[in-house]
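Visitor: Hi, I have a model open and would like to talk it through. Could you show it?
Guide: Happy to, here it comes.
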Amino acid sequence: AEFLSSRTMLQKLVQSRPFEWSCSGMIFCNGLLMALQTQLRASHYTSESFVHNPTGDIYEEPGEFFAFQLFSLAFMVELSLRWAADGLVGFFLTADRPWNVFDLCVVLLNLVEMIARAADLGDGPMFMAPSALRLVRAIRIIRVVRIIRVMRFFRELRLMLYAIMRCVKLLSWVVLVLLLILFIFGMSLTTGTTDFLEAGEFVADPRRALVVSWFGTVDRSILSLYQAAYGGRDWGDFSDALGVLPGMYMFLFLLYVSFSLLAVVNVITGIFVDSALQCNNNDREMVVSDEIERRKKFEASVRAVFQEMDQDGCGQISKTDFETGLNDDRVVAYFKSLKLEVGDAEKLFTLLDFDASGAIDVDEFLLGCQRLRGESRAYDQAVMQMEIRWLAEAINRSRTNMDMKFAEVRAMMPRPANTELLLS
C-alpha cells in the first residue's frame with residue numbers, strides 16, 4: 001500500500017504543471033547554451049585571424065563542460081522520475097510512447113557523450129570522433145519541440161507540428177506516385193530524343209544540344225520534367241527545345257505539364273489538407289482544450305440568458321419571469337443560438353426546476369440547459385431505457401411485496417363459523 005501511495009504521488013508530481021514547466025525551462029536553457037557555444041565556435045572559425053592562420057582551435061571550457069553534464073544529469077533524473085511513475089513496462093504503453101522513446105534515446109546519447117568527454121578530459125583513449133560528439137549534442141536540440149506540448153499559447157504551432165509529422169507517411173506515397181509519373185513520361189521523351197539523334201536531322205540547330213542536355217538520358221528527362229512542373233525552370237524553355245522532335249512528343253510534354261499542374265498537384269494538396277484537418281481531431285490535448293473552451297463559452301452565454309430573464313436581479317427566475325422572458329425575441333434568439341428549442345414555457349420551466357421550488361437559480365438553469373442542449377443522443381436514449389427498466393423492476397418488486405402482505409393479512413383474519421361447516 002505504501003508503494004502504491006508513493007507511486008501515486010510520483011505520478012501526480014510528473015504530471016503537474018510546475019514539473020512540466022521546469023523541464024521545459026531546462027530544455028530551453030540547454031538549447032540556448034548550445035546555441036551560444038555554436039555561435040562562439042562559428043565566430044572563431046570565420047574570423048580573419050583564423051583565415052590567415054588556420055591552425056588555432058577553440059576548445060570547450062571546463063565550465064561549459066560541467067554545465068552540459070549538469071543538464072545531462074537533470075535529463076536523466078527527469079526520465080527516471082517519469083519512468084518510475086509509469087512503471088517499467090507502462091512507460092512504453094502510454095499515449096506519449098513516441099516521446100518517451102525519443103527521450104530515452106537522447107538520454108542514452110547524453111550518457112555516451114559524458115563518458116566520451118570524461119575520457120577526453122582525462123587523456124584517455126577517445127572512442128568517438130569529435131564530429132560524432134557534435135552530432136550527439138545537436139540531437140538534443142530537438143527536445144525543445146517538447147516545450148510546445150505543455151504551452152497552451154503554442155496551440156496553432158503544435159497543430160502545424162503534428163500535421164507535418166502526420167504528413168510524413170503521406171509524403172512517401174506522394175514521392176512514389178511522382179516518380180512513377182516522371183519515369184513514364186521521361187522514358188517516352190528520352191525514346192523520342194534517341195530516335196531523333198539516330199535520324200541525324202537538324203545537326204546545325206542549336207536546339208539539338210538543348211534536347212540532348214535535357215532529355216538525352218532517362219535520369220536527365222526525369223530531372224527536367226520535375227523542374228518543368230514544380231518551378232525549377234520555366235516549362236516554356238523545354239517546350240521550345242522539344243520543337244525539333246515530332247509533334248507527338250510536344251503534345252506528350254504539354255499533356256504531362258497539364259496533368260501535373262491541374263490534377264496531381266490539386267489532388268496531393270487536398271490529401272494533405274484532409275490529413276491536417278484529421279490531425280486536429282486526433283490531438284488529445286487539443287481536443288480537450290477545445291472542449292473546455294466551448295463549455296466556457298456555452299456557460300457564459302447561458303448566464304447571459306439568465307441575467308436577461310432575471311429582471312429584478314434577485315438571482316432567481318420565477319415562473320412569471322420565465323414566461324415573460326420567452327416573449328422577448330432576444331431571449332428566444334439566445335436559446336436558439338445555444339441549440340435549445342423553446343416550446344411550451346410551462347413544461348420547459350418544470351424541466352429546469354429540479355427541486356420543484358417554483359423558482360430557478362443560475363445553477364439549475366445552467367445544468368438544465370446543458371442537459372436539454374442539442375438533439376437526443378444514443379447515450380441519452382440508453383440512460384432513459386435503463387431508468388425505465390429500473391422503474392419497471394421497482395414496480396414489479398412493490399407489487400410482489402404487496403401480494404405477499406395481502407396474503408399474510410388474509411391468513412391472519414379469522415374465518416366465519418358457517419364457512420368452516422361448509423368446508424367440513
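Visitor: Where is serine 239 found?
Guide: Serine 239 sits in helix H11. Helices here are DSSP runs of H or I with at least four residues, strands are runs of E with at least two, and both are numbered from the N terminus. This is a predicted model, in which local features need pLDDT of at least 70, side-chain atom pairs count only at pLDDT 80 or more, and totals for chains, interfaces and linings use all residues. Residues are numbered from 1 along each chain as its sequence is written, and side-chain values use heavy atoms, with hydrogens and water left out.
Visitor: Is serine 239 buried or exposed?
Guide: Serine 239 is buried, because its relative accessible area is 10%. Buried means under 20% relative accessible area, exposed over 50%, and partly exposed in between, with a 1.4 Å probe and protein chains only.
Visitor: And what is serine 239 in contact with, neighbours within four places in sequence aside?
Guide: Met250 and Phe253. Contact means heavy atoms within 4.5 Å. A polar atom of the serine 239 side chain also lies 2.7 Å from the backbone oxygen of glycine 236.
Visitor: Which backbone oxygen does the side chain of serine 224 reach?
Guide: The one of arginine 220, at 2.8 Å. Serine 224 is in helix H10 and is buried, with a relative accessible area of 4%. Setting aside residues up to four places away in sequence, serine 224 touches Trp214, Phe215 and Phe238.
Visitor: What about serine 22, where is that found?
Guide: In helix H2, residues 17-45. A polar atom of the serine 22 side chain lies 2.7 Å from the backbone oxygen of proline 18.
Visitor: Switching to cores, how many residues has the largest nonpolar core?
Guide: It has 24, and those with the most contacts inside it include Leu189, Phe215, Phe238 and Phe253. A nonpolar core is a set of buried Ala, Val, Leu, Ile, Met, Phe, Trp, Tyr and Cys residues joined through side-chain atoms within 4.5 Å. H8 supplies the largest share of this core, 7 residues.
Visitor: What does leucine 189 touch, residues up to four places away in sequence not counted?
Guide: Leucine 189 touches Phe215, Leu225, Tyr249, Leu252 and Phe253. Apart from this core lies another, of 16 residues, with Phe306 and Leu352 among them.
Visitor: Which residues form the nonpolar patch on the surface?
Guide: Leu180, Phe183, Ile184, Met187 and Val218, with about 420 Å² of accessible area together. Areas come from the Shrake-Rupley method with a 1.4 Å probe, and for residues only the protein chains shown count as cover. Helix H8, residues 155-199, gives the most to the patch, with 4 residues. Phenylalanine 183 is partly exposed, with a relative accessible area of 39%.
Visitor: And how many helices and strands has the protein chain?
Guide: The chain has 19 helices and 2 strands. Of its 424 residues, 29% count as buried.

How values were computed. Patches are made of residues with over 30% relative accessible area and no salt bridge: like charges are joined within 9 Å, nonpolar side chains (Val, Leu, Ile, Met, Phe, Trp, Tyr) within 5 Å. A salt bridge is a side-chain nitrogen of Lys or Arg within 4 Å of a carboxyl oxygen of Asp or Glu. A polar contact is a pair of N or O atoms within 3.5 Å; within protein, one must be able to donate a hydrogen and the other to accept it, and residues adjacent in sequence count only if both atoms are side-chain atoms.
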